[in-house]
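The sequence and the structure are shown first.

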Amino acid sequence: MANMSLKKNEMPMQEADVRNKNFSEVTLGYSEETALDEAARCLNCKSAPCMTKCPVAVNIPGFINKIKEQDYEGAYQVISENSSLPAVCGRVCPQESQCESACTRGVKGDPVGIGRLERFVADWHNEHAQAAAEKPASNGHKVAVIGSGPSGLTCAGDLARLGYEVTVFEALHLAGGVLVYGIPEFRLPKAIVQKEINTLKELGVTVHTNVIVGRSITVDELFNDGYEAIYIGSGAGLPMFMNIPGENLKGVYSANEFLTRINLMKAYKEGADTPIQKGQKVAVIGGGNVAMDAARCAKRLGAEEVYIVYRRSAEELPARREEVEHAEEEGISFKFLSSPTAIIGDENGNVTRIKCQQMELSEPDASGRRRPVPIPDSEFEMELNNVIMALGTTPNPLLKTTTPGLETNKKGCLIVNEEGLTSKEGVYAGGDAVTGAATVIKAMGAGKLGAKSIDEYLRNK
Ligand code: FAD
Ligand code: SF4
């Protein structure tokens, strides 16, 4: 019988004043009992509106039915038909604006906790499934994948399952892209990403780290080495700055550098090779997921005061609602309608404060968006030790400048057709390198499309 409770089952989590001092995972996942109770809220709707909002069309009622039958491995198999990283998506997908936003139960009350159920199933599989993935027989064709984020990994996995000999080239010393260098451990434990990468290796995928395509080897040289097709999933890792005075002072970081030092190079540990400057007063400029992650990391590093400085109001914050709530609970303060105009330092070049301008929102323009406009004579200052810029990222131009025939748009994103094919024959692309900074699930969807198109291309070649 359906559970008609209007409330979604809560997920247990670490207390806010405990978790803001450690890097362990914040949310602790459903127990089997809670997962069964939550699954019983699903009405198994015939039209499954939830599925229409999933970028990779996971069979949501299908996997929830398997949970109801207590066939958790079966549920995992249903999800795996469309998603190669369920333990990741169950944790970081913005379900509130995707599947759960269309759930019938959400019309009156909370939607079904689809993301929490997906995480339960994936964690159950990771804990109980013993068998290693079987390596398919090789079809003798070699494909190169550039970048090991969710897009590259998904493409590599799908091609390996079809028998292709896939090699992933990754610029950093660890595979995983933003999943390892950006999203902090307390939201996505690195062991989960490592497990997914190990599964790909069992399928026969080779991963070469510390290889920057465009520097160590070019795209054309990869073709000369016998790769018959290439998938570019190189992400959008180039940080943007405000171009205001003082951005080169000591103590100013891009969120990318700050998070990479913490996540990938364990800078928060005593005696780590890569140090990090730990300030008592920290401001993070921006209002997206990246800003929330940087602010919450700064707090965990011991900062007494951490501010999110955002030029619009609370309603316009682009970060996931859940991340904003978690940040507030952990003691992060928000300075809305505030825009920095200068960063000021002492005689040694260390940050001491920032100057900000108070903003107000204009009347909605033709697109309905309210622009932030400065209020005259409203400048104020904040005393600070660190400023972290989380203003967005764009794709690195290296691949475009070293690959004749590869075209990008005005924002530096690779141009692809509906099959994911770039302007260069045999070169496909997807994920943030094509869309600009987006989401894990969209990058995975593009990786799937890339694999399908490469398979068709090589079959017809
Ligand atoms: P990436 O994950 O960026 O991977 C690209 C990889 O390519 C990198 O490892 C890079 O080192 C490598 N590379 C680049 N150039 C080269 C080269 N020339 N040669 C070899 N390798 C190269 N999305 C969500 O859905 N939910 C979230 O909660 C969320 N939180 C986020 C938090 C942070 C801090 C950040 C930065 C992003 C977040 N995102 C989130 C966005 C999401 O992580 C990205 O949209 C997604 O990772 C894009 O995947 P990708 O595979 O296209 O690129
Ligand atoms: Fe279940 Fe909600 Fe999907 Fe209906 S819309 S099938 S209730 S998850």
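A residue is near a molecule if one of its heavy atoms lies within 4 Å of it. The model discussed here is predicted.

**Ligand 1**

In this predicted model, 33 residues surround ligand 1, and the closest are Val-92, Glu-170, Arg-187, Val-213 and Asp-432.

| Residue (backbone N or O atom) | Atom of ligand 1 | Distance |
|---|---|---|
| Ala-171 | nitrogen | 3.1 Å |
| Thr-439 | oxygen | 3.3 Å |
| Val-440 | oxygen | 3.0 Å |

On its own, ligand 1 has 1000 Å² of accessible area, of which the protein covers 93%. Three helices, α8, α13 (289-300) and α17, are the elements that give two or more residues to the shell around ligand 1. The largest share, three residues, comes from α13.

**The sheet containing β1**

Strands of a sheet pair through backbone hydrogen bonds, either parallel or antiparallel. One open sheet has five strands in the order β3-β2-β1-β4-β16, and its pairing is parallel. Because β3 (206-208) and β16 (427-429) each have a single partner strand, they stand at the edges, and one side of each is left without a neighbour in the sheet. Direction ignored, neighbouring strands of this sheet are turned by 20 degrees against each other on average.

Phe-169 has His-208 in β3 as its bridge partner. Helix α8 (residues 150-161) packs on this sheet, where it touches β1 (142-146), β2 and β4 (229-232). The direction of α8 makes about 165 degrees with that of β2. Helix α17 (residues 440-460) lies across β1, β4 and β16, and runs at about 170 degrees to β4. Both α8 and α17 are also among the elements that give two or more residues to the shell around ligand 1.

**The sheet containing β14**

A further open sheet of five strands, with parallel pairing, has the order β6-β14-β7-β8-β9. Its edges are β6 (252-254) and β9 (333-335); each has a single partner strand, so one side of each lacks a neighbour in the sheet. Neighbouring strands here are turned by 25 degrees against each other on average, direction ignored.

The pairing of β6 with strand β14 (residues 386-389) is parallel and extends over three bridges. Within it, Val-252 stands opposite Val-387 in β14. Helix α12 (residues 255-263) lies across β6 and β14, and its direction is at about 85 degrees to β6.

Key. Residues are numbered from 1 along each chain as its sequence is written. Chains are lettered from A and ligands numbered from 1 in the order in which they are written. This is a predicted model: local features need pLDDT of at least 70, side-chain atom pairs count only at pLDDT 80 or more; totals for chains, interfaces and linings use all residues. Side-chain values use heavy atoms; hydrogens and water are left out. Two strands pair if DSSP finds at least two bridges between them. Helices (H or I, at least four residues) and strands (E, at least two) are DSSP runs, numbered from the N terminus. Axes are lines fitted to C-alpha atoms, for helices over the stretch in contact, and angles run from 0 to 180 degrees between N-to-C directions. Contact means heavy atoms within 4.5 Å. A polar contact is a pair of N or O atoms within 3.5 Å; within protein, one must be able to donate a hydrogen and the other to accept it, and residues adjacent in sequence count only if both atoms are side-chain atoms. Accessible areas come from the Shrake-Rupley method with a 1.4 Å probe; for residues, only the protein chains shown count as cover.
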